[in-house]
Structures are given as structure tokens and as C-alpha cells.
Amino acid sequence: MEEQMMQSEKMTVAGQLAASVAHEIRNPLTSLKGFLQLLQAGIQKEEEYYKIMLEEIEKMESVTSELLFVSKPMTDERTSESLKEMLEDVITLMNTQAKMQSITIRTEIPTGIFIFCDRSQIKQVFINIIKNAIEAMQEGGLLEIKVSRTENRAYIDIIDEGPGISDDLVKKIAEPFFTTKKNGTGLGLMISNQILDKHNGYMEIHPNAEIGTTFRLVLPAE
Ligand code: ADP
Ligand code: MG
């Protein structure tokens, strides 16, 4: 029964995704067609048109490459992995962007917390959430990453000083293609939820007392 329900839920998500993809690709295509027609008609402003056309193509490019990640029959290779090691790898990767935006990353990650997981998938989740936090902190500030555990759960808290997320938006942000960013794909949270789900984990979104948002990732700990 439970499996049946999960199956039909997946179908809905797949159907929903297909419709959104068609939409996401059709809009830039329509715009490209329009600009090509203008160019064909010998209308001036070529430079400007090429710039917009390139932007539309880049948008389709990023949507399709993120989708390939979702549709790829994900190899599911589970190994015992240190949270500290995985997070430090990811933070090294994100540090340049953080510094450019005057963001300090502070970590509190004890050694010895291990989760049984597909390493590259879980790192992808960390990348998606930390990237969002950095992108939210346009004014710079402090980004904290704290890890803790209970007997059988690990908690990864990503605490930003961004503008926060309003109650209406919290319900929408994980929908495929929902984005408030000029060049966003709106796929990061959806992919993260899928990966967490496969690992029997989940995420919680909490407003901070003063400023910003905490994304809490919960996963079974070894
Ligand atoms: P994208 O980053 O491409 O927009 P995501 O699925 O990663 O797609 O995020 C969807 C939306 O959720 C973002 O566009 C943003 O509006 C909102 N969001 C995500 N993380 C945060 C955050 N830490 N602070 C504020 N808003 C956020
Ligand atoms: Mg994102």
C-alpha cells in the first residue's frame, strides 16, 4: 500500500516535471524564433539581439544540464562517509564565491559523525543548500554550518543571514522551476529533497530569530 502510494506520487512528480520542462524550454525558443525573424527582416540592433539570444540559449543550457542530473539513472553507491570530510570538501569549493561576496563561513563540525550514503549525491545536496545561502546573502555576512547528532540522527544546520523566506514562499520554493533569481533554474531544492528522501532523510526550513534562514538537513547517522 505504502509502496503503491509512493509510486503514484512519483508519477505525479514526473508528469509535473515534464510539463514544466516543456514550458521552460518553449519560452526561450519562442523568444529565439522572434529574434531570428527580426534579424532575417534586416532590423537593426543586431548586437542587442545577439546578447538576448545568447542569454536564452544559456538558460536552456543550464536547465537541461540540471535535468540530466535528475534523469540520470543515479548510481546508488552507498559507503560510510564522514560528514566533516564531505562538508569540508564542499566548503572549499564554495569559499571563493563566498569571499567575493564578503561572506565568512564559520563551521562547527565534530569529527566522527558518519552517514551511510552515496557520497556524490549527498555532496550535491550540501552544494545546493550552501549555494542558495550564499546567493541569498547579497550584503555579505556570516554563514554558519553546524553539525550535531542524537543517537541515530545527524543534523546539518546551514544558517544564513539572507533576507529570510516568507510563509507563502516556504510552500513554493521546492517546486520544480520555482525561482526568484534572474538566472536560477529552480531545481536545486527539488533535487535535494529527492536525494534526501532516498537516504531516508529530509529538510526543515526555519526562520532565524534575528535575520535569515536555517536549512536543517536530517539524515540517519551510523
Ligand atoms: P534556484 O537557486 O535556482 O532559484 P532552488 O530550488 O535552489 O532554485 O531555490 C528556489 C528558491 O528558493 C530560490 O530562488 C529562492 O527564492 C529560495 N531560497 C532558497 N534558499 C534560500 C535561502 N537560503 N534564503 C532565501 N531564499 C532562498
Ligand atoms: Mg539553488
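Which residues of helix 4 are buried?

1. Basis of the note. This is a predicted model, in which local features need pLDDT of at least 70, side-chain atom pairs count only at pLDDT 80 or more, and totals for chains, interfaces and linings use all residues. Residues are numbered from 1 along each chain as its sequence is written, while chains are lettered from A and ligands numbered from 1 in the order in which they are written.

2. Overall architecture. The protein chain holds 6 helices and 7 strands; helices (H or I, at least four residues) and strands (E, at least two) are DSSP runs, numbered from the N terminus. Their order from the N terminus is α-α-β-α-β-β-α-β-β-α-α-β-β. Of the 222 residues, 19% count as buried, that is, with 20 or more other C-beta atoms within 10 Å of their own, C-beta atoms being placed from the backbone.

3. Helix 4. The buried residues of helix 4 are Gln121, Ile122, Val125, Phe126, Asn128, Ile129, Ile130, Asn132, Ala133, Ile134 and Ala136. At 1.5 Å a residue, its 18 residues should span 26 Å, and this agrees with the 26 Å between its end C-alpha atoms; the expected span is 1.5 Å times one less than the number of residues.

4. Nonpolar core. A nonpolar core is a set of buried Ala, Val, Leu, Ile, Met, Phe, Trp, Tyr and Cys residues joined through C-beta atoms within 7 Å. The largest one has 28 residues, among which Phe126, Ile129, Ile130, Ala133 and Ile158 touch the most other members. Helix 4 gives the largest share of this core, 8 residues. Leaving aside residues up to four places away in sequence, Phe126 touches Met86, Leu87 and Val90, a contact being a pair of C-beta atoms, placed from the backbone, within 7 Å.

5. Ligand 1. The shell around ligand 1 comprises 19 residues, with Asn132, Ala136, Thr179, Gly184 and Gly188 the closest; a shell residue has its C-beta atom, placed from the backbone, within 6 Å of the ligand. Helix 4 supplies the largest share, 4 residues, and both helix 4 and helix 6 supply at least two.

6. Strand 3. Strand 1 (residues 78–82) and strand 3 run antiparallel and are joined by 5 bridges; strands pair if DSSP finds at least two bridges between them. Ser80 stands opposite Phe116 in strand 3. The covered face of strand 3 carries Ile115 and Cys117, and the uncovered face Phe114, Phe116 and Asp118. In a regular strand, side chains alternate between the two faces of the sheet.

Technical notes. A residue is buried if 20 or more other C-beta atoms lie within 10 Å of its own, exposed if 12 or fewer, and partly exposed in between; C-beta atoms are placed from the backbone. Two residues are in contact if their C-beta atoms, placed from the backbone, lie within 7 Å.
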